[in-house]
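Please look over the sequence and the structure first.

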Amino acid sequence: MAPVEIKKDIYWVGALDWNVRDFHGYSTPKGTSYNAYLVIDEKITLFDTVKKPFKNKLIERISEIIDPRRIDYLVVNHVEKDHSGSVPEIVELIGPEKVVCSPMGKKALIDHFNPGNWPFHVVETGQTLKLGKKTVSFLETRMLHWPDSMMSYLPEDKLLLSSDGFGQHWAASQRFDDEVDSAELYGHAAKYYANILLLFSPLVQKLLAKVADMGLDIDMIAPDHGIIWRKDPGGIIQAYQRWSRQECGRKALVIYDTMWQATEMMASAVGDGLKEEGLDFKLLNLKLNHRSDIMAEMLDTKALVLGSPTINNGVMPAMADLLSYMKGLRPTGKVGAAFGSYGWSGEAVKIISETMREMNINLVSDGVRVKYSPRKEDLDRCFELGRQVARAALGVDAGPSQARVGN
Ligand code: FEO
């Protein structure tokens, strides 16, 4: 695929990774892209590189525009290796006049690559670099999502090169938001936010406020993964405002693993109770749903009901995996409860409940445990648990306990 001119004299020269399916624990069923951008001006500048195995693709695309050795400046907006993996070989090839990075970026580049005498040019928020007709203004975005992260803004082009921010793991031959299905695009962007940025939501809010304060005039956002926002960059900024506030809809998830289908029967009854009170829900079997897809579902979900049988005095491995992953990403503002079947010791519900409390999830009860297989009265208790959770999610007082109707 040829380079793509995204603005006059600014080119996408990145690489498409159609085959990656796991990104440090995040499932990427549609691959990803490593976006790099080449600006042609008096000082020819490359913004970011690509994951190391894709270095030749980057060089080929640059070579369709200019001889790579003519590049003057290399800007490293982020040192994670999906963007910096090719930096040492690119520096070796082009011999840049400047390697531009944040103060933390310089430390990270040294720690990663032990680079010797690279011509570092360290920039902080608000500093600018003149390329000729074009200017670059830098904006450090520490911990969004690494300490070194920064964004580059080109005011003459109203272009924000946003590093990981506003990205999506999606390999596509299209480059722009107006060329792809909008619902799919926002789905990928939401999953990216939920799995990469959720725990930094307070910092995202500060960044968005700062961008507003700085009065940056933006008509295109070009991230380092996925599709470029040119039709409606304001749309993804508004989505980030919603996601960073962790606004939740009238929605519940019943997430469970099951050994001999007893906990699965309980999950179904919990779902019936949720729906009885008017809360839409999804049943997500952990054997069939990847942790990163569950986090995406969780982004706008108010109620979480988690279930696991007890195994070896603990929870099922997939539930332990989810709890660990979820705790790290710090979803906030949720209500919930736990449930599960057991044979003799029955610790799972307590373990899940304790972990949910540690995550500041507002529990409506100590949960429901059922010995071996649930009888009708047990399923009624699960149904009632669903009702309680739904009413808490909807902000109404729990009504009197009622027996479950139906199966
Ligand atoms: Fe896409 Fe944080 O690297």
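How many bridges join strand β7 to strand β8, and do the two run parallel or antiparallel? Strand β7, residues 37–39, is joined to strand β8, residues 45–47, by three bridges, and the two run antiparallel. Within this pair, L38 has L46 of β8 opposite it.

## Overview

The model is predicted. Its protein chain has 407 residues, of which 58% are buried. The secondary structure comprises twelve helices and 24 strands.

As background, the strands of a sheet pair through backbone hydrogen bonds, and the pairing is either parallel or antiparallel.

## The sheet of five strands

A further open sheet has five strands in the order β12-β13-β14-β15-β16, again with mixed pairing. Its edge strands are β12 (128–130) and β16 (220–222), each of which pairs on one side only. From one strand to the next, the twist averages 20°.

Several pairings in this sheet can be followed strand by strand. β12 and β13 pair over three bridges in the antiparallel sense, and L129 stands opposite V136 in β13. Strand β13, residues 135–140, is in turn joined to β14 by four bridges, also antiparallel. Here S137 has Y153 of β14 as its bridge partner. On the β15 side, three bridges join β14 to residues 159–161, and these two strands run antiparallel as well. L154 stands opposite L159 in β15. β14 and β15 form a hairpin with four residues between the strands, and K158 takes a positive phi near 50° in this hairpin.

Why is strand β14 described as largely enclosed by the rest of the structure? The strand covers residues 150–154, and five of its five residues are buried, so the rest of the structure largely encloses it. The burial applies to both faces of β14. M150, S152 and L154 are buried on one side, while M151 and Y153 are buried on the other.

## A buried loop residue

A172 lies in the loop between β15 and α5. Is this residue buried or exposed? A172 is buried, because its relative accessible area is 3%, and a residue counts as buried under 20%. A172 and N56 are 116 residues apart in sequence, and their C-alpha atoms are 19 Å apart in space.

## Helices α5 and α7

Two packed helices are described by the angle between their axes and by the distance between those axes. Helix α5 (residues 182–197) packs with helix α7 (residues 233–244) at an angle of about 40°, and their axes are 11 Å apart. An angle under 35 degrees would count as roughly parallel, and one from 65 to 115 as roughly perpendicular. The two helices α5 and α7 are therefore oblique to each other. Their crossing is right-handed.

## Aromatic residues and charges over rings

The count of aromatic pairs comes to nine. W118 is buried, with a relative accessible area of 13%. Four aromatic residues, F166, Y193, Y240 and W243, form one cluster.

Which residues lie over the face of a ring? R230 lies over the face of F176, at 3.7 Å from the ring centre. R291 lies over the face of Y325, at 5.6 Å from the ring centre.

How values were computed: Residues numbered from 1 in each chain as written. Predicted model: local features only at pLDDT ≥ 70, side-chain atom pairs only at ≥ 80, totals over all residues. Heavy atoms only, no water. Pairing = 2+ DSSP bridges. Phe/Tyr/Trp six-rings, centres within 6.5 Å; stacked < 30°, edge-to-face > 60°. Buried < 20%, exposed > 50% of the residue type's maximum accessible area, 1.4 Å probe, protein only. Lys NZ or Arg CZ within 6 Å of the ring centre and 35° of its normal. Axes fitted to C-alpha atoms, helices over the stretch in contact; angles between N-to-C directions. Parallel < 35°, antiparallel > 145°, perpendicular 65-115°, else oblique. Left-handed = near helix turned anticlockwise from the far one by under 90°.
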